[in-house]
Amino acid sequence: MHDGIPFQERMRWRIASRIRDGILPRRGPDEVLTGRGDGGTCDGCGERITRVDAQVEATFVDCTLLHFHRSCYMQWNARRGQL
Ligand SMILES: [Zn+2]
């Protein structure tokens, strides 16, 4: 997609709106695992996490499991306390 908005900017905007809409939690995960992507969908930006991407798997006490690109995870972590 080349709509003039840089990828990083779109990603930040998407994550912020998902936090506002309550799709992404405001509280932090209870366990975090990092590894390589397995082709799943990122809960942050909605794009695929491919094998060349670093993936973060975030688990919550209630067994919710979220997958992020590493950069999306950092972004969610940075924003969730502010919105
Ligand atoms: Zn992502």
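A nonpolar core is here a set of buried Ala, Val, Leu, Ile, Met, Phe, Trp, Tyr and Cys residues joined through C-beta atoms within 7 Å. In this predicted model, the largest nonpolar core has 13 residues, of which Ile-15, Cys-42, Cys-45, Phe-68, Cys-72, Tyr-73 and Trp-76 touch the most other members. Helix α1, strand β2 (54-59) and helix α2 each supply at least two residues of this core. For Trp-76, the contacts that remain when neighbours within four places in sequence are left aside are Ile-15, Leu-24, Gly-44 and Phe-68.

Helix α1 spans residues 7-20 and helix α2 residues 70-79, and the two pack with their axes 10 Å apart at an angle of about 50°. The helices α1 and α2 are therefore oblique to each other, and their crossing is right-handed. On the side of α1, the contact involves Met-11, Arg-12, Ile-15, Ala-16 and Ile-19, which meet Cys-72, Gln-75, Trp-76 and Arg-79 of α2. The residues of this contact comprise six that are nonpolar, one that is polar and two that are charged.

Attention may also be given to the loop between α1 and β1 (31-36), in which Pro-29 lies. Pro-29 has 20 other C-beta atoms within 10 Å and is therefore buried, the criterion being 20 or more such atoms. When residues up to four places away in sequence are not counted, Pro-29 touches Ala-58, Thr-59 and Phe-60. Between Pro-29 and Gly-44, which are 15 residues apart in sequence, the distance in space is 14 Å from C-alpha to C-alpha.

Methods
Residues numbered from 1 in each chain as written. Predicted model: local features only at pLDDT ≥ 70, side-chain atom pairs only at ≥ 80, totals over all residues. Axes fitted to C-alpha atoms, helices over the stretch in contact; angles between N-to-C directions. Helix = DSSP H or I, 4+ residues; strand = E, 2+ residues; numbered from the N terminus. Parallel < 35°, antiparallel > 145°, perpendicular 65-115°, else oblique. Left-handed = near helix turned anticlockwise from the far one by under 90°. Contact = placed C-beta atoms within 7 Å. Nonpolar A, V, L, I, M, F, W, Y, C, P; charged D, E, K, R; others polar. Buried ≥ 20, exposed ≤ 12 C-beta atoms within 10 Å, placed from the backbone.
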